[in-house]
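Here's a quick briefing to read alongside the model. Take a look at the structure first, and then we'll walk through it topic by topic.

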Amino acid sequence: MDSSVLIVTILILTLFGYWMGRSRARMLAGTEHLSVLHSLPSYHGSYVALWCGLPALLLVAAWLIFEPSLIEHIVVEAIPGARALEPAQLSLLIADIRNLTSGNIVSREIDPTLAAAGEHYNALQTISHAAMIVLTLAIAVYGLYLARKNQTRGFRARNRVEKIVRIVMVVASTIAILTTVGIILSLIFETLRFFEKVTVTEFLFGLNWSPQTALRAEQVGSSGAFGAVPIFAGTFMITGLAMIVAVPIGLLSAIYMSEYAGPKFRAVAKPMLEVLAGIPTVVYGFFAALTVAPFFRQTGEAAGLMVSSESALAAGMVMGVMIIPFVSSLSDDVMNAVPQSLRDGAYALGATQSETIKQVILPAALPGIVGAVLLATSRAIGETMIVVMAAGLAANLTANPLEAVTTVTVQIVTLLVGDQEFDSAKTLAAFALGLVLFVITLGLNMIALRVVRKYSEKYD
Amino acid sequence: MTDMDMSNASEKQTDFSASLKKRYAAERRFRAYGLTAIVIAVSILGILLGTISFQGTPAFFQTYVQVDVYFDEAVIDPSGARNEQTLRTANYQALAKRGLYQLFPEVSERREKRTLGKLLSSGAYRPLSTMVLDNPEIIGTTQSVWLVTSDDIDTFNKGQIDRNTVEADRRVKDNEIAWVDVLDAAGRIDMRFNTAFFATGDSREPELAGIWGAVVGSFLTLIVTLSVSFPLGVSAAVYLEEFAPKNRWTDLIEVNINNLAAVPSIVFGLLGLAVFLSFFGMPRSAPLVGGLVLALMTLPTIIIATRAALKAVPPSIREAALGVGASDLQVVTHHVLPLAMPGILTGTIIGMAQALGETAPLLMIGMVAFIVDVPSGVTDPSTVLPVQIYIWADSPERAFVAKTSAAIMVLLGFLITMNAIAVMLRKRFERRW
C-alpha cells in the first residue's frame, strides 16, 4: 500500500467515524427531542472523527519524516568499516545504496558488501512500511473505538472539539515563529561552519572573491578567495541605481496622484502603476537582459563608451522600475493621510499648490516617505531574478556603472545551483551571504518601522 | 504721509505680480514633473508588455513542411510481425528524410543531403510513429504528411532572418533558402498554430519545446502551497484576531509575521534547502518541497489579509450571536468567517498569484533541472513556469527568445486571470457595514 493510499484510507475512516458518531448521538436521543443531548450530533461526529484521524495522520507524518534517516543509520551501522569513512564518502555510499535499491545507475562497482547493504536497506524499508500501515490503521480504529465508548447523552462533545480546534489554531499561529527560527538557525549553523574554514575578517573585509575551489591543490587559484567586499559594493551600486530611478519617479507620481489628479485619472493610473509590482521578477530579468542591456550597449558604443553587456546600469534601471510602485503607493498613502486642514491653512496664506506640497505636505509626510524608501531599498537588495539574469557573475570592485558587477543574491544563486557538495566552503559561503542579506533587510525594515512610528506627527 | 504709503503699496503690487508669474510658472512646472513621472512609468510598462508580446506572438505559430512519406515495410517492420515495440521504435526519421530527398532529386552529394535533411526538426518524425501505431494498415502506402521544420528554417520563414545579409553571418545558408523557396512555391510550406507548445514538456530543440510540463509543475506546486498555507494562515489569523490574549507572546508573533513578509524570497529558498532537503531528506526538484517553501512565503500575506477581513466584520454581529447562545468558536465559524470569506479569498488569490510568479526560492531547491517529462505527482521532479522562462532565457538558440516571450505571455495570462478574479470577488461580495 502506498503512503498516499494509506492517507486516503485514514481520511475515509475519519469520515466514517464522523458518520458513526453522529448517528450514535441520534440513537442516544432516541425518539426524544435532540436537546436531551448536551452537544449537537454533529459535534459528537466531529469528536469521533478527530480521535480517529488526528493521531493516525500525525503518526504517518512523523514516520515519513524520520523513516529514511533512521533506516540509513541502521544500514550504515551494519556495514563494516563504514563508521571510519569521511562524511563526504559516507554520503556518497548512502547515495549509492539508495540508487542500487531503486534500480538507478551506481557510481561504483557493486561489490558483495554494497549488494548486501542494498538488500538490508530494502528489507528494512519493507518492514518499516508494513509496520507503519498496521500501526496507523490500528491507532485509527482504536481511537474510533475509544471515542465511541465515551459517547453518552450528557457527554460534552462540543467543548472537547472546541478545545482541540483551539489547540490547532495556536499551533498554526506559531508557524510564523517556527519559520523565523528555522531561517535563523539554518543560516547561522551553516555560516558558523563556513567561518571554521574562512575567518570572519577575511569574509567581511577581504577584497578578493573567487569561490571556485580547484580540485587539486597545485592548480591555479586552488585556494579560493572569500572576501565579500566586491559583492557588497556591487549590491549597493545596483541598489543605488535602482533608487535613483525609483525615488524621483515614484515620489513625483505619488504627489501628482494624491494632490493633483482627479478621481477618474487616479482610478486608471494607480492600478497601472501597481501592475508594475505584480509582474514576476523573472519577466523583468528577461526584459533587462534581452532588451535594455543591448540597448544601453549600442547607445554606449554610438557615444564611444565601453558598456558591458551585463552592465550594472541595465540591471539597476530595470530594478528601479520594478520598485516604483513600492515607493509610490506607500508615499501616496502617507500624503493622503495628511489632514486637509493643513492644506487649507497654507492656501489661506496665499501659497500655490506646489508651494503647499513642498513646504507643508512633504515635511508632514516625510517620516512615512522615508519609511517607504527604506522598505523599497530592502526590496531592491533582496531582489534576485533581475540581477541573476542581467548582472554579471564575476566580482569586480569598481565604481563604474557601465561595467559588470555582481550582487549578494547572484552569488547565492550561482553557488547553490547545479552540483554541490554540502561541506565545501563554496556552498557554505552562500549561507553566510544569505545571513548578511537577512540581517540587512531585517535591519532596514526595523529602521523603517521605527522611523514611521517615532517621527510621525499625530494630527487629530 | 498718505501719499508715500500709496506709492509704496503700488510698488509692492508690481513686485508681487512679477513674482506671482514666477510662482505660477513653478507651479505648472511642478505639476508637469508629476505627470511626466506617471507617463514615464506607464510607458515603460507599455514598452515592456509591447516588446514581450511582439517577440512572443510568432512562437504561437510553427512552420510545417509537407512531405510525401512512403511507409516502407522494409524499414518499419521487415519481419511483418506488426509487433508494437518494433513499430514504435522503427527508423521513421529515415523515412521522413527519404520523402524530403525525393522532392529534390538533384541533391545527391552526401554533405548537401545532410543539410537538406536538417530542414526538418530532429523530432519531426514523431507523428509518423503515432500514425503507424494508430493504423498499421498504412504501411506500404505513401501519405502526404505535414512535418515540423527545424528552428532555423522556422525563424527564417517568420522573416526574422534577413536573406540579404552576408551568407557567413546568417544561420540559414543560400542553398537552404533556395530549397525553402522551391517548397514555398509548391505550396508545401505552411504556418500553423503551434499546438505542441501547449502540449509537450521541455526540449533542447526550440521547435519541440513546450510549456505543458511547466504548467503542470506550477499547478502541482500551487496545490501544495494552497493546501498548506490556506488552512494554516486562516486559523492563525482567526486565533490572533479573535481569541489571542494581548500579551508578549502574541506581540512576538505579530512582529514576526510582519518581518517575514519582508524577508527576501531567496532566503526562503535557503531555508528550504537547509531544512526540507538536507535535514528531512525530501526529494530535490519536487513540487512538494517547492510548494512548502512557497507556502511559508505566502503565509504572512494570507494572515495579514485574513486579519483585515476579520476586522472589517462589525462587533455587533459577534455580540448578536453570543446573545442567542453561540459559543466563542460557533460565533467565528458560523458568522464571522463566512462574512469575512470574500476578503480572505481575495487575499489568498493575491498570495497565490505571488507564489505563481516566484522564481528565486525554487532555484535553490533544484527545480531548475532540465525535465522533459510532464510530472504526474507532487514528488516527481518538475519545473514551474517562471523557472522555465529563466531556463529558456538562458538558452543560446535564437528561437528560444520567442519561446521565452510566449511563455511569459502565458504566465502573465494566468496572473491577470487570478487578479481579475480577486478584483471581481472584492467588487461582488465585499460589504461595507
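Axes here are lines fitted to C-alpha atoms, for helices over the stretch in contact, and angles run from 0 to 180 degrees between N-to-C directions. With that in hand, H5(A) and helix H11 (residues 265-279) of chain B pack at an angle of about 70 degrees, their axes 9 Å apart. This is a predicted model: local features need pLDDT of at least 70, side-chain atom pairs count only at pLDDT 80 or more, and totals for chains, interfaces and linings use all residues. Residues are numbered from 1 along each chain as its sequence is written, while chains are lettered from A and ligands numbered from 1 in the order in which they are written.

**Domains**

- Domain bounds come from an automatic or database domain assignment.
- Chain A splits into domain 1 (3-155) and domain 2 (225-455), and the centres of these two domains of chain A, taken over C-alpha atoms, are 48 Å apart.
- Chain B has its own domain 1 (60-193) and domain 2 (212-429), with 46 Å between their centres over C-alpha atoms.
- In chain B, four residues of domain 1 are in contact with four residues of domain 2 (contact means that the C-beta atoms of two residues, placed from the backbone, lie within 7 Å).
- On the domain 1 side of that contact in chain B, one residue is nonpolar, one is polar and two are charged (Ala, Val, Leu, Ile, Met, Phe, Trp, Tyr, Cys and Pro count as nonpolar, Asp, Glu, Lys and Arg as charged, and the others, Gly among them, as polar).

**Where the chains meet**

- Chain A puts 67 residues into the contact and chain B puts in 65 residues.
- Helix H5 (residues 157-197) of chain A gives the largest share of the chain A side, 19 residues (helices, H or I with at least four residues, and strands, E with at least two, are DSSP runs numbered from the N terminus).
- Sorted by class, the chain A side that touches chain B has 43 nonpolar, 20 polar and four charged residues.
- How are H5(A) and H11(B) oriented to each other? They are roughly perpendicular, because angles of 65 to 115 degrees get that label, while those under 35 count as roughly parallel, those over 145 as roughly antiparallel and the rest as oblique.
- From H5(A), the residues Gly182(A), Ile183(A), Ser186(A), Leu187(A) and Glu190(A) meet Val267(B), Leu270(B), Leu271(B), Ala274(B) and Val275(B) of H11(B).
- This contact of H5(A) with H11(B) is made up of seven nonpolar, two polar and one charged residues.
- Val417(A) sits in the loop between helix H14 (408-416) and helix H15 (425-455) of chain A. Leaving aside neighbours within four places in sequence, Val417(A) is in contact with Leu363(B) and Val368(B).

- Chain B has an open sheet of three strands in the order S2-S1-S3, with antiparallel pairing (strands pair if DSSP finds at least two bridges between them).
- The edge strands, each pairing on one side only, are S2 (142-148) and S3 (189-193) of chain B.
- From one strand to the next, the twist averages 40 degrees.
- Strand S1 (residues 61-70) of chain B pairs with S2(B) over seven bridges. Across from Val69(B) stands Gln143(B) in S2(B), and Asp68(B) has Ser144(B) as its bridge partner.
- S1(B) also pairs with S3(B), over five bridges, and here Thr63(B) stands opposite Met191(B).

- Helix H4 (residues 92-103) of chain B lies across S1 and S2 of chain B, at about 85 degrees to S1(B).
- Leu95(B) belongs to H4 of chain B. Leu95(B) is buried, with 22 other C-beta atoms within 10 Å.
- Beyond its neighbours within four places in sequence, Leu95(B) has contacts including Val69(B), Tyr70(B) and Leu128(B).
- Most residues other than glycine have a negative phi. Ser285(B) isn't a glycine, yet its phi is positive, at about 60 degrees.
- Ser285(B) lies in the loop between H11 and helix H12 (287-312) of chain B, and Ser285(B) is buried, with 22 other C-beta atoms within 10 Å.

Conventions
Buried ≥ 20, exposed ≤ 12 C-beta atoms within 10 Å, placed from the backbone.
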